[in-house]
Amino acid sequence: MKIGTTHLFVPGPTPVPEVVRRAMNVPMEDHRAPDLPDFVLDLLADLARVFRLREGRVLVYPGSGTGAWEAAITNCLSRGDRVLMSRYGQFSHLWVDMARRLGLDVVCHDVEWGEGVPVEAYAQELRADPSIRAVFVTHNETATGVTSDVRAVRQAMDEAGSDALLFVDGVSSIASLDFRQDEWGVDVAVAGSQKGFMLPAGLAILGLSEKALAAAERSTTERCYLAFRDMITANDVGSFPYTPPMPLLHGLRASLDRLLDEGMDDVVARHHRLAEGVRHGVKAWGLDLCALAPRWYSDTVSAVRLPDGVDGAAVCRIAYHRYRTSFGGGLGKVAGRVFRIGHLGDVNEVSCLSALAAAEMALLDAGVDLEPGSGVAAAQAYFRQALAAEGSRP
Ligand code: PLP
């Protein structure tokens, strides 16, 4: 018999807070009830606050992040459009694959896994080729724990005089990392419900600028279920074009209340503090991150490189079976060579310490030579000092 919690430290899905889980436990209801529009309109308005989006709108589809990728491409672009993309991990790789399968003419830059978006290469490409219609960035590459500088890409686009649309995958950044859709000039931002929003998978969420909405009116790609136009027409009267997953929307209401109550600046600061603590722990083990330099470090997921001869899948297996703790394995090119600790969503200092404690045991059992307790002790020291420095109430 399994007693106690199974600890979830994959970088999505993330633990669902009790208040959110309870909010989803509703009797089925009429999604065309007369009081539903007020609920929906408030929900969408508050969701836009998390994207820091005023000049545009957010749309919510039943689906996952991958569905949001597809909605973004099929609504805003047309077959044959030339787009600028880069691959530096499994998720950026998959978005390129989708773009090609949907008929876009993809100019793709391959970057070493462990680095992020190649801003200088993008700048050169944009200066040389004014026909580029869209520029894609995976803000937080979940496979490698790398965060890219979206603002710098916007700046490169502006300096090159490009009028391309800026597409950003924010699946593992939005609602956790600093993200400013208006300020950074992001036209299409993509998110999913199961990461920073602390919900089950099931909602594909998009933030769209006015420019993206105008592009969607011109695009000639066929789409139906994911058509922005149908969703917008229904949303304008606080409704959906088809039956929405109401329990998830109630969960989203509770999740937005939590995020906005904490305040997005504090949400971002908490994720930074927790990630720093985890990084102190990894350093104390004598291990390196997959992210090759501090400027790429992700505050939502740390991918930890393993010494030669230690299999990342074994670390995850031991953690799961012996210590009832789930970590993310390595994906694609880094399969077996890293394991990933997710530290996003409903997490705090002590939950991160428990992740480090479980990881330490699994690493030792898998044959990694490290000082028992070293990672936990380093993170504890960091958290104590950081919280005291912040003036956190004793
Ligand atoms: N983009 C990123 C950065 C992700 O981390 C993921 C999933 O982990 C996806 C896209 C795909 O999202 P989903 O699995 O919700 O379809």
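Strands (E, at least two residues) and helices (H or I, at least four) are DSSP runs, numbered from the N terminus. Residues are numbered from 1 along each chain as its sequence is written. Because the model is predicted, local features need pLDDT of at least 70 and side-chain atom pairs count only at pLDDT 80 or more, while totals for chains, interfaces and linings use all residues.

Strand 12 pairs with strand 1 (residues 7-9) in the parallel sense over 3 bridges, where pairing requires at least two DSSP bridges between the strands. In this pairing Leu8 lies opposite Ser326 of strand 12. Strand 12 also pairs with strand 13 (residues 338-342), in the antiparallel sense and over 2 bridges. Here Gly328 stands opposite Arg340 of strand 13.

Helix 2 (residues 36-51) packs against helix 9 (residues 246-262) at an angle of about 45 degrees, with the axes 10 Å apart. Helix 2 is therefore oblique to helix 9 (angles under 35 degrees count as roughly parallel, over 145 as roughly antiparallel, 65 to 115 as roughly perpendicular and the rest as oblique). Axes are lines fitted to C-alpha atoms, for helices over the stretch in contact, and angles run from 0 to 180 degrees between N-to-C directions. Residues of helix 2, including Leu43 and Asp46, meet residues of helix 9, including Leu249 and Arg253, contact meaning C-beta atoms, placed from the backbone, within 7 Å.

Conventions. Contact = placed C-beta atoms within 7 Å.
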